[in-house]
Amino acid sequence: SQTIHQWPATLVQPVGSPLSLECTVEGTSNPNLYWYRQAAGRGLQLLFYSVGIGQISSEVPQNLSASRPQDRQFILSSKKLLLSDSGFYLCAWRYGTTDTQYFGPGTRLTVL
Amino acid sequence: AQSVTQPDIHITVSEGASLELRCNYSYGATPYLFWYVQSPGQGLQLLLKYFSGDTLVQGIKGFEAEFKRSQSSFNLRKPSVHWSDAAEYFCAVVPNSGGYQKVTFGTGTKLQVIP
């Protein structure tokens with residue numbers, strides 16, 4: 001069966017510091033991968049999605065970036081964090097044309 | 001533009017009572033429909049989904065949802081709520097038009113269960 005991992009689970013970072021969040025999927029190949037952010041009371045916001053290695057689409061312009069160096073690895077990065085980057089970051093995967101997304105456990109990011 | 005509305009931000013029910021969470025969508029054609037549940041500090045777990053066919057869909061944890069085309073609704077129900085059902089519930093929609101389509105999520109309904 002397929003599993004999706006995210007790390008770290010929680011992170012506290014100062015403003016202006018860099019960020020790297022990692023997401024990996026096991027048990028599948030060629031998944032579509034997604035990064036969402038969930039801010040308090042604001043639902044889920046799609047940040048990036050990827051349909052293959054090196055292919056990244058950005059939904060919302062901001063100081064975050066994403067990369068997909070391997071088929072089942074998706075990384076969310078920032079060079080300088082802002083207070084507004086605080087939130088709960090969720091990675092999700094979708095296989096082929098099933099249109100169903102499966103979510104990882106999330107990373108709680110607090111920027112101070 | 002495609003949208004999903006969950007009109008209830010917060011609902012409180014007694015344990016053992018029935019539950020209905022509302023979801024309405026705005027889209028020209030019948031989309032694919034989903035309900036997810038999120039416990040505090042956790043990721044989203046898929047409860048059920050509707051693609052086509054029988055309009056009453058059974059999911060995990062005793063939940064079901066009914067698709068009503070005439071009302072553009074996909075309400076989630078459970079006959080008897082357990083304390084462990086306390087969580088936030090998200091309705092989601094994907095256009096049924098082939099290729100890659102973005103998932104649109106509702107803003108969520110937070111369920112509180114009282115003894």
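How many salt bridges does the rule find across the interface of chain B and chain A? Zero, where a salt bridge is a side-chain nitrogen of Lys or Arg within 4 Å of a carboxyl oxygen of Asp or Glu, is the count across the interface of chain B and chain A. This is a predicted model, in which local features need pLDDT of at least 70 and side-chain atom pairs count only at pLDDT 80 or more, while totals for chains, interfaces and linings use all residues. Residues are numbered from 1 along each chain as its sequence is written, chains are lettered from A in the order in which they are written, and side-chain values use heavy atoms, without hydrogens and water.

**The interface**
- Chain B brings 19 residues to the contact and chain A brings 20 residues, with contact meaning heavy atoms within 4.5 Å.
- About 1,600 Å² is buried between chain B and chain A, and carbon and sulfur atoms give 58% of that area; buried area is the accessible area (1.4 Å probe) that two parts lose on being put together, summed over both.

**Strand pairing in chain A**
- Strands are DSSP runs (E, at least two residues), numbered from the N terminus, and two of them pair if DSSP finds at least two bridges between them.
- Five bridges link β1 (residues 3-7) of chain A with β3 (residues 19-26) of chain A in the antiparallel sense, and Ile4(A) stands opposite Val25(A) in β3(A).
- β3(A) also runs antiparallel to β8 (residues 73-78) of chain A, joined by six bridges; here Leu21(A) has Leu76(A) of β8(A) as its bridge partner.

Terms used
Helix = DSSP H or I, 4+ residues; strand = E, 2+ residues; numbered from the N terminus.
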